Structures are given as structure tokens and as C-alpha cells.
Amino acid sequence: MPDRPLNQTDPLDDFTRREIALNGQTRLVYVAGNGPAVVVMTEMPGISPHVARFARWVRDAGFTVYMPHMFGKDGAVPTALTAVATIARACISREFRALSANASSPITQWLRALAAQAHRECGGKGVGAIGMCFTGNFALSMMLEPSVLAPVMAQPSLPLGQAGGMAIDPDELAAVKARMEAEDLTVRAYRFEGDSFCKAERFAAFAEALGDRFEPRVLADESANPDTPMKNPHSVVTLHLIDEAGQPTVQARDEILEFFRMRLGR
């Protein structure tokens with residue numbers, strides 16, 4: 001399939017639109033592909049053409065993508081105005097705890113249920129999950145669902161305004177660490193060195209809490225795509241990815257896909 005333009009609205013017409021009811025709540029989920037399931041959680045301000053491109057890379061690598069609508073306008077090209085408005089709405093939503101350092105967002109319970117259903121539908125060893133930016137930390141909380149074997153946190157940005165915060169309940173964090181040790185699992189995490197939303201203090205906090213179960217990757221700022229409206233180097237596998245062979249961001253993308261293959265057996 002030819003590349004789709006990243007500066008135009010993406011109709012997402014190569015995904016199946018499904019209304020999935022779990023835990024008393026129904027959400028729209030975009031599904032595509034075959035093979036083990038991977039839950040792709042969008043960054044702010046929604047499922048942009050860049051996020052959809054990454055989901056297609058996951059699909060084309062041999063996985064079934066489950067990409068839930070979480071906020072924003074699906075397929076839209078982000079603007080500064082829509083980003084600010086969407087973040088403001090999310091910050092006051094009961095589903096997200098954007099400002100709390102030691103609390104898990106309630107939406108992670110629904111996402112865990114989605115992972116369990118995806119595993120039942122797709123089979124295989126288990127499920128992968130990647131969160132980005134606002135949803136980055138959610139991939140770690142999802143490990144409370146036994147089917148989640150391959151969690152990836154891309155520039156996890158919550159809690160807002162607390163550089164060393166982790167946005168997960170301490171008891172949940174302890175349970176996740178215990179599971180990782182019992183099952184020999186790890187979590188991958190990615191950020192740009194100078195990212196003002198996901199700073200070194202956050203990765204240091206995760207490293208202290210999880211030890212060698214936390215596998216961080218820090219990319220140099222100069223490896224971020226400079227030809228974007230967002231000058232802060234932030235979105236490792238979406239907006240700031242340079243889609244050229246040998247680029248560090250492409251290497252990060254390929255490493256994530258290989259992590260899914262390794263853990264999920266594809």
C-alpha cells in the first residue's frame with residue numbers, strides 16, 4: 001500500500017471500526033491485521049496520520065492492531081489549538097489522572113480488559129502494548145493483565161508538571177515489578193534526551209523502581225525530525241521520526257517491532 005500523506009486527514013479506511021463494550025463502557029476501536037494482538041494507544045491530541053502510520057507498521061510486521069479512540073478527532077492532522085483544547089479536556093476527565101504522580105488512570109482498567117479480549121480473539125503467547133506521550137505510562141499499568149507480555153512506553157509524559165512522577169499507583173507498580181521478576185519480563189521505554197515533557201528524572205524514577213526490568217533508550221535531540229511544527233523533540237516513533245534507513249528513530253521503531261516479535265512469537 002502506498003504511503004499516505006501525513007499532512008492530510010487520514011480516513012483510517014483500512015481499519016475495521018468496532019464498538020467494543022467492556023467493564024460497562026463502550027469505545028470505538030480501530031482493528032487491522034492478523035497475528036498476535038498489539039494495543040496501540042495514541043498520543044495527544046488523538047489518532048493523527050503519524051500515529052496511524054505507526055499502527056500500520058505494526059500491522060505490516062505481522063500483528064493485529066487494536067487502536068482505541070481515547071481523545072481528539074480520529075485521523076485529523078494536529079494543530080496547536082486542537083492539542084491545547086484536547087489536553088485541557090483530558091486533564092479534567094475522570095478517565096485520566098494527568099496531574100497525580102502516585103495514581104493510575106481509571107482508563108487503564110478498560111485497556112487491560114481490551115488486551116484480554118484481544119488475546120482471546122487473536123491467540124498466540126500474549127499481547128503487546130505501546131503507549132505514547134499522554135498514554136505512555138498506561139502500557140506499564142496494563143501489565144496487571146496477564147496476557148500483556150510486551151509493554152512499550154514511548155515518551156511517557158504523565159503526570160504533567162512533575163518531572164520524576166510515574167503516574168501509577170504504588171501497589172500496582174509493586175505488583176507489576178513482582179510479575180516481571182516472576183516471568184522474566186521487561187518494559188521498553190523511549191525518549192529524546194532534551195524532551196521537556198518526558199525528562200531524565202522520570203526515567204530515573206522508573207529505573208529505581210523497576211531495576212533492570214526497565215530498559216530505557218534515550219535518543220539524541222539531533223536525531224528528531226526538525227521539519228515539524230513541534231520543536232521540542234518528543235514523539236519518537238510518530239511526529240519526530242525520520243523515515244529514512246539508518247536514522248535512530250527508524251532504528252527505535254524497528255527495535256520495538258522486534259521486541260513484539262520476540263515476546264509474542266511472531
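Predicted model: local features only at pLDDT ≥ 70, side-chain atom pairs only at ≥ 80, totals over all residues.
Residues are numbered from 1 along each chain as its sequence is written. Local features need pLDDT of at least 70, side-chain atom pairs count only at pLDDT 80 or more, totals for chains, interfaces and linings use all residues, and side-chain values use heavy atoms, with hydrogens and water left out.

**Exercise 1.** Find which residues of helix 6 are buried, and what they pack against.

*Solution.* 
1. Start with helix 6, residues 200-210 (helices are DSSP runs of H or I, at least four residues, and strands of E, at least two, numbered from the N terminus).
2. Pick out Arg202, Phe203, Ala205, Phe206, Ala209 and Leu210, which are buried (under 20% relative accessible area with a 1.4 Å probe, protein chains only).
3. These residues lie on the same side of helix 6, because they cover an arc of only 155° around the axis (taken from the directions from the helix axis to the C-beta atoms).
4. Now look for their partners: among them are helix 5 (170-183) and strand 7 (187-192), with contact meaning heavy atoms within 4.5 Å.
5. Finish at Gly211, which follows helix 6 and has a positive phi, near 60°.

**Exercise 2.** Work out how strand 3 pairs with strand 4 and strand 5.

*Solution.* 
1. In strand 3 (residues 37-40), Ala37 and Val39 point one way, Val38 and Val40 the other, and all are buried.
2. Strand 4 (residues 64-68) runs parallel to strand 3, joined by three bridges (pairing needs at least two DSSP bridges).
3. Val38 has Val65 as its bridge partner in strand 4.
4. On strand 5 (residues 127-132), three bridges again join a parallel pair, and Val39 stands opposite Ala129.

Technical notes: Buried < 20%, exposed > 50% of the residue type's maximum accessible area, 1.4 Å probe, protein only.
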